[in-house]
Amino acid sequence: MKKSRIAAVLMAVITGVTMTNTAYAETQAVDITVSPSQEHKSISPYIYGVNTGVDLNKVSAESIRLGGNRLSAYNWENNVSNAGSDWHHNSDMYLVNDVDEDIKNLPGSPALQLSRDADDHDIPYTLLTLQMLGYTSSDKKGTVKEDKAAPSEFWDKVVNRKGSEFTLTPDTKDGYVYMDEYINYLINTLGDSSSETGIKAYALDNEPALWHHTHSRVQSQQLTCAELIEKSVDLAKTIKEMDSGAEVFGPSLFGYSAFDNFAGASDWMELRRQNLYRSFMDYYLDEMSKAEKECGTRLLDVFDIHFYTEQKGACGERSCNHYDNDECIQARLDSVRSLYEKGYRENSWIADMGARLFPLLPTIEKSINTYYPGTKLAFSEYNFGGGDHISGAVVQADMLGVFAEYGVYFASIWSFDKNEYQLSAINMFTNYDGAGNGFGDTLVKSEYESENISVYSSIDKDDENKVKVMVINRSIHDETPVNITLSSDKKYIGADVYSLYGDSPEIKQLQKVDAITDNAFAYTLPALSVTEFIINTAEATNVTVQESNTDLQSGNVNIPLIAGIGAGALALIGGAVALLCYLRKRKNTK
């Protein structure tokens, strides 16, 4: 992220509770300059995504994915799936446990539920995982022993093209499952990718470098690089033949060793030697580009990876939840740096092995530009932990800001049971006020220099009357004063402020900035917080004020004492007035 030094200023902060015992503390503020007219970059809304299984009533998502290990051996005809090594290689009806009763017994019901959930919650983009492993579960037979590995009566063979007339009532006893018939069924039931309820994109299965471990009853030997390309090209062609507008995601790599060498595939070293590839990602993109040249159709729209931090806390555990240990919290806050910061060395086995592909985002960007320009990037699974703690919200918001800066197209967090803070961090970008307002769709220039904060600024399209500035404070215990300056010909007069901090995942509306002098104002950020400033000109202020008044009258807004002030020193009288306003508002909200 671009930062530059601006002269630091000192700001006095009132810490007393009355006029007679007011104390002052001089703290160096962080100077932030936002230039709404410079460095415009479109932000894909699909980075604000989730995987299925989360409570969609708690998050305002813009994309949703149905994926995971269960999908590799899923049979769309009868809805049976196999857990693989995740759960005793069990074949059962797990994927329809949460499907609505009226569609539970229909073919492809998890995909139908995906579309329904997206439609019910105004989620515009759906990603569905298709089967490329080779076999799907034939029936809900429970645990599949090793002597019943495919091919056997426990499995149906996957074929991409049926070669005969499609039906909407598939034959569940013929021993085959057809991918083109599945897509045809979805198009006839939901519409194609251009329709409101149609599936927008398809993934070429899930984590193929791990099939020999996760789905050893089907893939007993590790998949080779060449086998992956052959399978990927054929299924991608099938998708494009059935729905040319649908986007294709692949190869859903599980983590660093897959990025590097496809988890040690037997043919990788020779392929690398012959072509001087830096990583398996280079090879995959190169081969998919060659396939497009041969058939005349782009077969890979989105390069898709999974990334779970391997950063260890001071305790030695990966992504631990020792929230009483500052060093463990700091490790989580720093973990996102492996995505973008040259020279940063995380505490993980990846760093121990050299971490030559870090920072990851510039490496992937170079691979795409070199081998398959125009390919988009997705993180269809990721999680940096802390879903039940404010540190998880802080790092989640930082992730989303980094995704925006690097032009990531799609990202869907893989949530665990405790995810409230992470979901609230997504809401800071998509629905900070509970009324559907979110971060802008165009990133603009932010300049600052600090190790403890990150800043992401935006507008909507070219409208500079409203500037939204997201400031992330990584200081674990200390409030951080900031001076924000708008470098613009427009005159900004006030700002609404929302923040996520403390011991609750609730987004709180904070003290407004009622006075901006010379396009500058100061504010104090809570420790460990994600704070969004919605900065308005006179043209944009009337509606904002009216909406805010409505919220105050309803009693639903909590406004703590974190005072927005004009640029320069904090006046004693101004601080006292802010304190009195706070006390009155706090009383009214109880």
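Helices (H or I, at least four residues) and strands (E, at least two) are taken here as DSSP runs, numbered from the N terminus. With that in hand, welcome to a predicted model in which local features need pLDDT of at least 70 and side-chain atom pairs count only at pLDDT 80 or more, while totals for chains, interfaces and linings use all residues. Residues are numbered from 1 along each chain as its sequence is written, and side-chain values use heavy atoms, with hydrogens and water left out. The protein chain holds 14 helices and 27 strands.

- Gly-67 sits in the loop between strand 6 (63-66) and strand 7 (81-82).
- This glycine counts as buried because its relative accessibility is 10%; buried means under 20% relative accessible area, exposed over 50%, and partly exposed in between (1.4 Å probe, protein chains only).
- Leaving aside residues up to four places away in sequence, Gly-67 touches Asn-51, Thr-129 and Trp-414, where a contact means heavy atoms within 4.5 Å.
- Between the C-alpha atoms of Gly-67 and Leu-127 there are 8.2 Å, although the two residues are 60 residues apart along the chain.

**The chain as a whole, and where to be careful**

- Of the 590 residues of the protein chain, 59% count as buried.
- Among contacts with a separation of 6 or more in the protein chain, 70% come from residues 24 or more positions apart.
- The average pLDDT (the predictor's confidence in each residue, from 0 to 100) is 89 for the protein chain, and 87% of the residues score at least 70.
- Residues 543-559 keep a pLDDT under 50, and the model gives them 24 contacts beyond four places in sequence.
- Residues 561-590 also have a pLDDT below 50, with 50 contacts in the model beyond near neighbours in sequence.
- Where pLDDT is low, the predicted coordinates should not be read in detail.

**The largest pocket**

- Pockets and cavities are found on a 1 Å grid over the protein atoms alone: a cavity is a set of points where a 1.4 Å probe fits but cannot get out, a pocket is an open set with protein on both sides within 12 Å along at least five of seven lines, and lining residues have an atom within 4 Å of a point.
- The largest pocket has a volume of about 1,200 Å³; grid points are joined across faces, edges and corners, and a volume is the space filled by probe spheres set on the points.
- Its lining has 44 residues, of which Thr-52, Gly-53, Val-54, Tyr-94 and Trp-414 lie nearest the centre.
- Two or more lining residues come from each of strand 6, helix 1 (109-120), helix 3 (211-214) and helix 12 (420-430), and helix 1 gives the largest share, four residues.
- The lining of the largest pocket divides into 17 nonpolar, 16 polar and 11 charged residues, with Ala, Val, Leu, Ile, Met, Phe, Trp, Tyr, Cys and Pro counted as nonpolar, Asp, Glu, Lys and Arg as charged, and the others, Gly among them, as polar.

**Cavities**

- Searching the whole structure turns up two cavities of 30 Å³ or more, and the largest cavity has a volume of about 60 Å³.
- Residues lining the largest cavity include Thr-309, Lys-312, Cys-320, Cys-328, Arg-332 and Phe-384.
- By class, the lining of the largest cavity has four nonpolar, five polar and three charged residues.

**Nonpolar cores**

- A nonpolar core is a set of buried Ala, Val, Leu, Ile, Met, Phe, Trp, Tyr and Cys residues joined through side-chain atoms within 4.5 Å.
- The largest such core has 128 residues, and Val-50, Leu-128, Leu-186, Leu-339, Phe-379 and Phe-403 have the most contacts inside it.
- Helix 11 (residues 390-405) gives the most to this core, with 10 residues.
- Beyond four places in sequence, the residues touched by Leu-128 include Leu-66, Leu-114, Leu-186 and Ile-199.
- A second, separate core has 26 residues, among them Val-455, Val-469, Leu-486 and Ala-495.

**Backbone details worth a look**

- Ala-150 and Pro-151 are joined by a cis peptide bond with omega about 0 degrees, and Pro-151 lies in the loop between strand 11 (142-143) and strand 12 (155-159).
- Another cis peptide bond runs from Phe-358 to Pro-359, with omega near -5 degrees; Pro-359 is placed in the loop between helix 9 (349-352) and helix 10 (360-371).
- Ala-263, a residue other than glycine, has a positive phi near 55 degrees and is partly exposed, with a relative accessible area of 25%.
- Lys-461 has a positive phi near 55 degrees, lies in the loop between strand 20 (453-460) and strand 21 (463-473), and counts as exposed at 58% relative accessibility.
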